[in-house]
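This report describes one protein chain, from its overall fold to a single residue. Please consult the sequence and the structure shown below.

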Amino acid sequence: MAFLGSSTYSLDTKNRVFVPAKYREDLGNTFYVTRSVDSCLTIYTESEWSLFLERLDRIPNTAGAAAKEYFMSAAQKCTPDGSGRILLDDTLRTHSQMNKNVVFVGAGRVIN
């Protein structure tokens with residue numbers, strides 16, 4: 001599986017956004033969204049999220065603790081509603097400077 005291409009959607013008035021149909025099947029019923037090191041967000045499948053957490057656990061000492069805090073404190077477990085929408089919380093929207101438009105970019109094993 002590789003996430004490819006891009007799609008643009010808009011936040012609705014309740015801060016929900018449609019997850020592109022071309023990604024939903026591979027994402028599964030539950031997936032994770034967290035901030036990236038830039039002003040983007042990253043979406044992980046459950047299996048990629050587990051691998052990401054394992055990599056975080058391998059970072060030693062203070063740097064590892066800081067990385068875990070950075071990514072985990074903003075992480076959101078998502079299950080799309082019947083229309084394929086997810087609700088993005090304030091932390092994620094603020095980090096990504098998201099006001100209205102949301103661009104989903106397939107980045108191989110994750111979506112940015």
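What percentage of the 112 residues in the protein chain do buried residues make up? Buried residues account for 40% of the 112, where buried means under 20% relative accessible area with a 1.4 Å probe, protein chains only.

## Basis of the model

The model is predicted: local features need pLDDT of at least 70, side-chain atom pairs count only at pLDDT 80 or more, and totals for chains, interfaces and linings use all residues. Residues are numbered from 1 along each chain as its sequence is written, and side-chain values use heavy atoms, with hydrogens and water left out.

## Fold and dimensions

Four helices and eight strands form the secondary structure of the protein chain; helices (H or I, at least four residues) and strands (E, at least two) are DSSP runs numbered from the N terminus. Starting at the N terminus, their order is β-β-α-β-β-α-α-β-β-α-β-β. The protein chain is as compact as a globular protein of 112 residues, because its radius of gyration of 14 Å is close to the 13 Å of the globule rule (C-alpha atoms; 2.2 Å times the number of residues to the power 0.38).

Along the principal axes, the C-alpha atoms fill a box of roughly 40 × 30 × 20 Å.

## Contacts

Of the contacts (heavy atoms within 4.5 Å) between residues at least 6 apart in sequence, 66% join residues at least 24 apart.

## Ser7

Ser7 belongs to strand S1, residues 6-10. Ser7 counts as buried because its relative accessibility is 15%. Beyond its neighbours within four places in sequence, Ser7 contacts Pro20, Lys22, Val102, Val103 and Phe104.

Note on methods: Buried means under 20% relative accessible area, exposed over 50%, partly exposed in between (1.4 Å probe, protein chains only).
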